[in-house]
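These are my notes from going through the contacts between the chains, and then through one chain by itself. I kept the entries in the order in which I looked things up.

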Amino acid sequence: MTLSAGEFAAEPLPTTAEEAPTSVAGRSPWQIARARLRANRVAMVAFVAIVVFAVIAVVAPILQAVGVIDATTLHPDLVQGPGAMPTGAFGGISLQHPLGVEPQTGRDLLSRILLGITLDTAIAVAATIVSVGLGVVLGLVAGFYRGAADWSIGRLIDLILAFPQLLMLIALSPVLVQRLTDAGIPSGNPSKVTYIIAVLGFFGWPYFARIIRGQVLSLREREFVEAAEMLGARRSRINFKELLPNLWAPILVYSTLVLPTYISAEAAMSFLGVGIVPPTPTLGNLLQDSVNYATADPTYFLAPGLTLFIVVLAFNQFGDGLRDALDPRSDRAGGR
Amino acid sequence: MFQYILKRLLSIVGMLVLISISVFALFFAVPADPARLTCGKNCTPAIIEANRHALGYDKPIVTQYLDFMKGLVSERDFPDDPVIAKNSPQSITHCPAPCLGYSVTQGQLVSKMIKDAFPITASIAVGAFVLWIVGGVGIGVLSALKRGTLLERGLVSASLVAYSLPTFFIGLLLLNIVSIKYGLAPAAGYTPFLDDPVAWAQGMILPWITLAMVFAALYVRLTRANMLETLSEDYIRTARAKGVPEWAVIARHAMRAALTPIVTIAGLDLGGVLAGAAITETVFNLNGIGKTGVYAIQQLDLPVIVAVVLLSAFVIVLFNFVVDLLYAFLDPRVTLR
Amino acid sequence: MTEQQARTLLDVRDLRVHFPTADGLVRSVDGLSFSLAPGRTLGIVGESGSGKSVTSQAILGLHRGTRAQVSGSISFDGVDLLGLPTRELRRLRGNEIAMIFQDPLSALHPYYTVGRQIAEAYRVHHSVGKRQALARAEEMLDLVGIPNAGRRLHEYPHQFSGGMRQRAMIAMALVNDPRLLIADEPTTALDVTVQAQILELMKKLQQEFGSAIIVITHDLGVVADIADDVLVMYAGHAVEQGAVADVFYRPQMPYTWGLLASMPRVENPRGQRLATIAGSPPSLIAPPAGCRFHPRCAYRGLVEGDACVTSAPQLATTEPGHLVRCHLEAAERARVLGNMKDGVR
C-alpha cells in the first residue's frame, strides 16, 4: 500500500479474483467467463483498443525501419520564431504530419507517439513478467512450504512495502544504472530500460506473491492436491502441474490491472527526470518535454497525454471486465 | 495488549534499522563522490580531500553508518574536526539531536530542511485526504445504493476514467490550462496556515484536487464493492426484519461494516502521502518532503536522500502500526496478539 | 365463516414470488395458500429450494426493493401486507411479526454487542431511552436462559456459543411480544441436544406470550415436536397440508411418503438403510410439466394413462382440513400406505 495510488498507481485496483470460480455445473469456468466477457460491451471495446495498441507496438518499429513513419528526421523548416514553434495551426498539423511536429526539432509527433507506445508497452510487459515470475515462485513457496519459508517471505514483503517506492524508483536510478553499465549493458538508454524493468518488476512482486500464497493455502485444502500426493506425485510436480492451472485466473486479472500502472510509472519516472532520454521517444518523455509548451502548443501537450490515458484506461476497463467475468459473485442480486 | 504494542514497537525499530542499513549500503556505494560536491569550480584535489576528511566521507561505510545512527540520539558537528573547530569555529555547523546529517549542496542541516518541508507535505496530504475520503466514500456509497441505475453506471465509469489519468498529467493539465491559461483557479503555492488560512487553502486547492483525484476514484470502487457485499449480508436482513428504518439500516448497519476496512486502507494511504507526494509537489513546485527527496536525488545529495527515505519509511511503518491498532479497536472480532 | 375469520391471524392466498434472472424467471413460490390462527404453530417442510424461506421473507416484505415480483395476498389480522406502504409495514416488522434466522452468527451484526442489538429492536418500536432498552434486553436474555445476562449483554456475537447465539436471536425476536414469530430453520445450525433445548424454549415462550409460530424446516422431527399443522412444499407450491397428526399418520402423497421414510426412527431395525428420494429438486425456471414431482415419483405407474406427465394435479381435500396434490386414487393411496406401515412396523 505504500506506493500510493494517487502518486502513481503501482498498486492496482483491488481485485476479488481470489474467489475465482471453481466449477459451475455444465459449462466450464472458461466458457462462462468468455460468455460474460462477450456480454460486457465496455470490456469488449477496451479489448479491441488493447489489440490495436498491441498491433501498433509490434508494427511501429517496422514502419520506422521501412520509412513509412519517421520519428527521427529533423524538420527545421517546419518550426519558426524565437521559441521555434511549429508553423501552422494546432502544432503544425498537415497531411504529412497528422498530429503536427515537435517544437524546436520539428520531428513528426505521430511517429514519435507510435514508437513511444512500442517502448512503453515493451517495458510494461517485461516488468509485469518479472513481477509475475517472482511473485508466483515466492508465493508458491510461501504457500506450499509454509513455516520458516512463509515467515521469511512475509517479512521480506513487509520490508519492501515499507520503502517509499516512488522515491526508491528514482533514487536507485543513478546507483543501479551505473551498475548495469558496468555489468556490460550498453550505457545510456539500454541500461535505463533494463533498470526500469528491473525495479518496477521488483517492487511489484509482493502483491502477486500475496495473492498466490492465499490461493495455494486454500487450494491445498482441496482434495485433488491430497489425491496427487497420495498417488506419489512429487511436491514440486504438484506445485507446477496441478496448482498452476488453478492460478491462471487471478494471475491474468492481476496482470491486466498491473500492466497499465507500469505504463504510467514509466511516464512518471520520465517526468521526475530518471526515465529514458530523447531522442528515443516514450510517452513519458514526450509528455515531459511538452510540459514546457503546454500553453503555447496544446496539441503537443495533449496528444501524448491523451494517448497515455487511453492506453491505461483500456487496460483498466478490460481488467475490470475480466475480473467481473471470472468472479461468480459479481452478478449477485442487489440489496433488499 | 501492552505486550502486543511493545512487540510491534520493537519490530518497527528492527524494520527501520534494516531499512537504514539497506539505504546506506545502496547509496554509499554510489559512484558519484559526495565530497566532489563540496566545492565549486576552482576546486583542487587537496580541498576535496580535506573536505572529504572533514565530513567523514573517508571513513569506512560502517563507521559512517554508526556515526549517523549516533547522531539520532546525540548531537554532532559538521565538519567534525578539532582543527577547524579551533581555527575557525564560525564555519562549524552544530547539529543538535536528532541529527540527520548535513547537506553540503544546500549548506543546511538536513533536519532543518525536513522541518521546513514537512508542513508543506502535511498540508497537501491532509487536505487531499479529506477531499478523497468525502468524495470517494460518498460517491461509493451512493453508487452502491443506486445499483443498476444510469447514475451508478455513470459514477462507476467516471471513477475508472479518473483512475486512469496519471497524476502528473492531471496536475499539469490543471496547472497549465485551468490555472495559467484561463486563470480559473488560484495558482498553487504555500502559505503557512497560521499566517493566512485563506491564502493557505487557495494555494493548496489545485494540489489537493490533483492528489485526491486518483485516490477518490479508487475509494469509489472500494466503497461500492464493500457496500454491495455488506448489503447482501444476513445481518442486514435481520435489521430490516427488526423494523429498523431504511436510513438506519444503511447508516448504522451497512456502513458500519462496509467502511471499517476502508478506514485501514485510508490510514495506510494517508501514511503513504504524508511520506511525500513527490509528483504533486514537483508539478506544483512545492518544496515538500517528496520534492526535497527528488531534488536531492538529482543532486546526489546523499545525506538528504538517506534522511528522506528513512523518514518516509518511518511514517509508513508507523501508520501501519496505528492502523492495526485502530482496526482492533473498530472490529471487535480482532484480537491483538 | 365470520367466526373462522376472527380466529385467523395470518391468511396467505395464492402467493407467488418470482425472480427474473439472466437465465429466465425463477418461480420460487408459485401459488401458495395457508392460514394460521393465534397461538397455533405451523410447520413448513420441504427440500432446500422448495420456496420455504422465500415465503417467510415475503410475509415480512423483505423482497421489497429487489427485482423480485410478489403477487397474491398476505393478510395479517385483516391488513393486507403486500399492499401496505413500507413505512407502515416497518411498524409491524419485529413488533407484531418477528423472525428468527437460520445461522445466528451471520444474522447478528458482528460489530455490535448482543445487548445493543436486542435493545435496538426494542427501541425501534418503543420510545424509551438506551438504558431502559438495555434493561429490557437483559430481562429477555435472562428469560431465554442465558446465564449472567447482565454481563453477556455487553459481549459480541462471536463470543457466544452457537446455542447461546440462537437464544439471543430468539430474545431479540420476542422483545416486542410479537403476535407472529417466523422461525426459519431455527435449529439447523445447532447440535442435537441444543436443538431440543431451543425447541423446548420456543414452546415455553409460545405458552407465555401466546404467539403464533411458523417454523420453516427440512426436518420433520422439528415439525413433529413443535407444530400443530404442517405444510409440505415442493417446487414452489404446497403438495400436502393439514394437521400434524393427520399428515404424519395418514400421509397421502408420494413426496410426503418419501420425506417420512427418510426420517431416522429409533424403532427402525438396526442396519436398515434410510430411504432417500431419488433425483434432485426440479428447475424452478422450467418446472416439469404435469405434476412437478413426477420425474422423481416411484408411484407414477399406479396412475392410469399419463396424467402425471400432462396435467397438473390440484390441491384436493381428502379429509376435513387435510389437502393433497396428487393424481393417485384414494384407494391406491390407502393400499400403498397400508403396505408401507406393514413394512416399517
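**Entry 1: chain A against chain B.** I began with polar contacts in this predicted model, and across the interface of chain A and chain B I found three residue pairs in polar contact, with both residues of each pair at pLDDT 80 or more. I then asked which helices of chain A supply at least two residues each to the side that touches chain B. They are helix H1 (5-8), helix H6 (147-162), helix H7 (165-182), helix H10 (235-271) and helix H12 (298-326). Sorting the residues on the side of chain A that touches chain B by class, I got 35 nonpolar, 12 polar and nine charged.

For salt bridges I found one across the interface of chain A and chain B, and I looked up the partners: the side chains of A:Asp320 and B:Arg221 meet at 2.5 Å, N to O. I also wrote down the extent of the interface, in which 56 residues of chain A are in contact with 63 residues of chain B. The area buried between the two chains is about 5,000 Å², and carbon and sulfur atoms give 74% of that area.

**Entry 2: chain C against chain B.** Here I counted 14 residue pairs in polar contact between chain C and chain B, again with both residues at pLDDT 80 or more. The elements of chain C that each supply at least two residues to the side touching chain B are strand S6 (97-100), helix H4 (104-107), helix H5 (114-123) and helix H8 (162-174). H5(C) has the largest share of that side, four residues, and by class the side of chain C that touches chain B has 15 nonpolar, seven polar and four charged residues.

The contact takes 26 residues from chain C and 20 residues from chain B, and these two chains bury about 2,100 Å² between them, with 59% of it on carbon and sulfur atoms. Which three residues supply more of the area that chain C buries against chain B than any other three? They are C:His109, C:Tyr111 and C:Glu120, which together supply 31% of it. The count of salt bridges between chain C and chain B is two; one that I looked up joins the side chains of B:Lys242 and C:Glu120 at 2.9 Å, N to O.

**Entry 3: chain B by itself.** I counted 13 helices and four strands in chain B, whose C-alpha atoms fill a box of roughly 85 × 60 × 35 Å along the principal axes. Of the 337 residues in chain B, 53% are buried. Among the contacts in chain B with a separation of 6 or more, 65% are between residues 24 or more positions apart.

**Entry 4: chain B against its record.** An unreviewed UniProt entry lists "domain: ABC transmembrane type-1" for residues 118-327 of chain B, and in the model I found that span to be 83% helix and 0% strand, with its end C-alpha atoms 27 Å apart. The unreviewed entry also lists "transmembrane region" for several spans of chain B, including 262-284 and 304-330. Residues 262-284 are 83% helix and 0% strand, with end C-alpha atoms 29 Å apart, whereas residues 304-330 are 100% helix and 0% strand, with end C-alpha atoms 38 Å apart.

Conventions. Residues are numbered from 1 along each chain as its sequence is written. Chains are lettered from A and ligands numbered from 1 in the order in which they are written. This is a predicted model: local features need pLDDT of at least 70, side-chain atom pairs count only at pLDDT 80 or more; totals for chains, interfaces and linings use all residues. Side-chain values use heavy atoms; hydrogens and water are left out. UniProt positions are given in the numbering used here, feature names are shortened, and annotations may be inferred rather than shown by experiment. Contact means heavy atoms within 4.5 Å. Buried area is the accessible area (1.4 Å probe) that two parts lose on being put together, summed over both. A salt bridge is a side-chain nitrogen of Lys or Arg within 4 Å of a carboxyl oxygen of Asp or Glu. A polar contact is a pair of N or O atoms within 3.5 Å; within protein, one must be able to donate a hydrogen and the other to accept it, and residues adjacent in sequence count only if both atoms are side-chain atoms. Ala, Val, Leu, Ile, Met, Phe, Trp, Tyr, Cys and Pro count as nonpolar, Asp, Glu, Lys and Arg as charged, and the others, Gly among them, as polar. Buried means under 20% relative accessible area, exposed over 50%, partly exposed in between (1.4 Å probe, protein chains only).
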